[in-house]
Structures are given as structure tokens and as C-alpha cells.
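This report covers the pockets of one protein model and the sheet and helices around them. The sequence and structure come first.

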Amino acid sequence: MKLTVTTHKVFGHRATQRTAQYLADQAGRLVARSVSGRMPDVQIVLTNARGLAELATAAEAELAGGVDRRALDREMRHAVREARNAAGRAVARTDGSVLVLVNIDQHRTPEDFAVTLVHELVHAMQFSRKGVRERIIRDRRHCFGVERQTRRQEREHERLLNQEENEAYGREFLAKQLTAAAA
């Protein structure tokens, strides 16, 4: 388990990056003890909304493989719309690691950042579970128009995605332990 924190297209946030590195180390240990699965290598990128959309789309296109330009542009437009309100996003990578993107414009305090970090690290742990990575790759290939899913597979993916989101929301209480330790 290796957690690295970097920035993308944001300047003057060195203190935020140091705080993020400290919180990431603490959150990684807390989440690894609390959630079933294995913590993969995680790269945490602090960025703005536009950078979040760009990096997420690029990582998902790499995951899907064989994406044409029209589908990539369509997904990019969709990602930009979604990123305006997103605090963070976890994206599986082809090498087994996870890219966690955090929109720093959505976080005013370290407490807000800790909640998002715990939520996204729970998703990173979920990616290591049996069958989850393959299901995500299948869905991304469907979204990019590379390979179609059956309606049953789509419904199953949506159901499991809702369960995973509920689990991640349910673990956000761990962020209180992080901010108490940071104070």
C-alpha cells in the first residue's frame, strides 16, 4: 500500500498538499482496518473541477481501451458537467492501482477534505474485491461504446454501485477520528 499525493493544474497549495499527505497516511491505515479488501497503491491528485474531469476521462479511456475520439469527447463533456459538483472521484487503473482525484475547490476545511478522502479510499478498497474491477471495466467499455453490456449486466452494475456508495457513505464517520488526531 503506497499513498502518494500530487497536484494537477493548481498553484500555491503547498500547505494543502502537506495536510493532504498527512491525512492520507492516517486515512489509509484507518480505512484498511475498517473495510474488507486489500488497499492497492493509491495516487491522490489534488486538482480543480476541470482537471478532475480531464484526468478521470483519460484514466477511464485507458481502462476501456480502444476508444474512438467521438466517444472520448462525449464522455469528457459528461465528466465536466459532473465534476462541477463532485468533491472527489476514485478511478481504477489498468496496473491495479487506484487514482483518487480530489477537487480542492470543494473543500474549505481539513474536516471536509478528510470526509472526501475516507469516502474515496473506501472505493479504492472496494476495487480490490473479487469481480469488481472486471465489472467496472465492462461498464467503462460500454460507456465508451467499445463493447455492449446486456440489460441484466447494466442493472446489476447499478445495484452494486449503489451498495458500494452506501458502504462508502457509511464509513465517513472515520473522518472524525482523522481530524481529531490532526488537531
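## Pockets and sheet

Helix 6 gives the largest share of the lining of the largest pocket, 7 residues. The model is predicted, so local features need pLDDT of at least 70 and side-chain atom pairs count only at pLDDT 80 or more, while totals for chains, interfaces and linings use all residues. Residues are numbered from 1 along each chain as its sequence is written, and side-chain values use heavy atoms, with hydrogens and water left out. Helices (H or I, at least four residues) and strands (E, at least two) are DSSP runs numbered from the N terminus.

The largest pocket holds about 980 Å³ of space. Of its 36 lining residues, Glu-60, Arg-89, Ala-90, Leu-161 and Glu-165 are the closest to its centre. Two or more lining residues come from each of helix 2, helix 3 (69-83), strand 3, helix 4, helix 5 (132-143) and helix 6 (151-170).

A pocket here is an open set of points on a 1 Å grid over the protein atoms alone, where a 1.4 Å probe fits, with protein on both sides within 12 Å along at least five of seven lines; lining residues have an atom within 4 Å of a point. Grid points are joined across faces, edges and corners, and a volume is the space filled by probe spheres set on the points.

The second largest pocket is lined by residues including His-13, Thr-16, His-107, Arg-108 and Phe-113. Helix 1 (14-34) and helix 4 each give two or more residues to this lining, and helix 1 has the largest share, 4 residues.

In the table, Ala, Val, Leu, Ile, Met, Phe, Trp, Tyr, Cys and Pro count as nonpolar, Asp, Glu, Lys and Arg as charged, and the others, Gly among them, as polar.

| Pocket | Volume | Lining by class |
|---|---|---|
| Largest | about 980 Å³ | 17 nonpolar, 8 polar, 11 charged residues |

The open sheet has 4 strands in the order 1-2-4-3, with mixed pairing; two strands pair if DSSP finds at least two bridges between them. Strand 1 (3-7) and strand 3 (88-92) are at the edges with a single partner strand each, so one side of each has no neighbour in the sheet. Strand 3 runs antiparallel to strand 4 (residues 98-103), joined by 5 bridges, and Ala-90 stands opposite Val-100 in strand 4.

Helix 4 (residues 110-127) packs on the sheet and touches strand 1, strand 2, strand 3 and strand 4, where contact means heavy atoms within 4.5 Å.

Note on methods
Axes fitted to C-alpha atoms, helices over the stretch in contact; angles between N-to-C directions.
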